Amino acid sequence: IENLFDSLMQGYPISSMLFWKVSGEAKTSWKFYKFLDSYVEKYKIHNDVVDTASSNDFFAVLDGQQRLTSLNIGLYGTYASHAYKKSWEYSSTSFPTKKLYLKLKKNNDLEENVKKYVFEFKRDWDKDIECDIQNEKWFRVGKIVDLHVNSEYSLDDFIDDNSFQKEEKSILRLLEKVIFTNFSINYYEED
């Protein structure tokens, strides 16, 4: 998920997807699944079945499910993996919930690392902006959705309220552009 978001920020294509426009009897002839929005290693790794009997026509994903699920978890969901030296029995301490954050500084060590933008799932961080022990700022990726759709409090307002530096502003504006403006995802429809 972290690498996918970095690829999008760098403008790399993430391949085409194939969608099926489902209508008529096909809505009840097949099982369809919701998108996974909160992954928990070993415990919540499969999508729930959705009842489509009374649904309007919809699109099913034939190819691209993992990429779209990754985008969904990064923007709207949570990720929980097993914590080192903890029990494998499910608990919030053994499988802490994390949200995706973007470091508001480019990775300057590109020769050794192909990542230009650093995305990481962070636990115990609830704020939209957090600082790590090196005093580096991190932005909660899902907040970009709120800032884009809220006409009363935009990304520019958020930037002004948080006194960002030039590079930090640039990275946040790029994230918004990648998610809402750039057409990085190509897809084909089948009836």
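Q: In this predicted model, which helix does Glu168 lie in, and is Glu168 buried or exposed?
A: Glu168 is part of helix H6. Its relative accessibility is 11%. Buried means under 20%, so Glu168 counts as buried.

Q: Which residues does Glu168 touch, leaving out those up to four places away in sequence?
A: Residues up to four places away in sequence are not counted here. With those set aside, Glu168 touches Leu104 and Lys137.

Q: What span does helix H6 reach from its first C-alpha to its last?
A: H6 covers residues 166-180, which is 15 residues. At 1.5 Å a residue, 21 Å is expected. The model comes close to that, with a reach of 21 Å.

Q: How are the buried residues of H6 placed around the helix axis?
A: The buried residues are Glu168, Ile171, Leu172, Leu175, Glu176 and Val178. Seen down the axis of H6, they fall within an arc of 165°. They therefore line one face of the helix.

Q: Which elements do the buried residues of H6 pack against?
A: The partners include both helices and strands. The strands are E7 (97-103) and E10 (137-140). The helices are H1 (2-9), H4 (143-149) and H5 (155-161).

Q: Is H1 roughly parallel or roughly perpendicular to H3?
A: H1 packs with helix H3 (residues 65-76), their axes 9 Å apart. The angle is about 90°. Angles of 65 to 115 degrees count as roughly perpendicular. H1 is therefore roughly perpendicular to H3.

Q: How many nonpolar residues does the contact of H1 with H3 have?
A: From H1 come Leu4, Phe5 and Leu8. They meet Arg67, Ser70, Leu71, Gly74 and Leu75 in H3. By class, the contact has one charged residue, two polar residues and, for the nonpolar class, five.

Q: Where does Ser15 lie, and what is its phi?
A: Ser15 sits in the loop between H1 and strand E1 (16-22). Its phi is positive, in a residue other than glycine. The value is near 75°.

Q: Which loop holds Lys42, and what is the phi of Lys42?
A: Lys42 is found between strand E3 (38-40) and strand E4 (49-50), in the loop. Lys42 is a residue other than glycine, yet its phi is positive. Phi is near 75°.

Q: Is Lys42 buried or exposed?
A: The relative accessibility of Lys42 is 52%. Exposed means over 50%. Lys42 therefore counts as exposed.

Key
Residues are numbered from 1 along each chain as its sequence is written. This is a predicted model: local features need pLDDT of at least 70, side-chain atom pairs count only at pLDDT 80 or more; totals for chains, interfaces and linings use all residues. Side-chain values use heavy atoms; hydrogens and water are left out. Helices (H or I, at least four residues) and strands (E, at least two) are DSSP runs, numbered from the N terminus. The expected span of a helix is 1.5 Å times one less than its number of residues. Buried means under 20% relative accessible area, exposed over 50%, partly exposed in between (1.4 Å probe, protein chains only). The arc is that of the directions from the helix axis to the C-beta atoms. Contact means heavy atoms within 4.5 Å. Axes are lines fitted to C-alpha atoms, for helices over the stretch in contact, and angles run from 0 to 180 degrees between N-to-C directions. Angles under 35 degrees count as roughly parallel, over 145 as roughly antiparallel, 65 to 115 as roughly perpendicular and the rest as oblique. Ala, Val, Leu, Ile, Met, Phe, Trp, Tyr, Cys and Pro count as nonpolar, Asp, Glu, Lys and Arg as charged, and the others, Gly among them, as polar.
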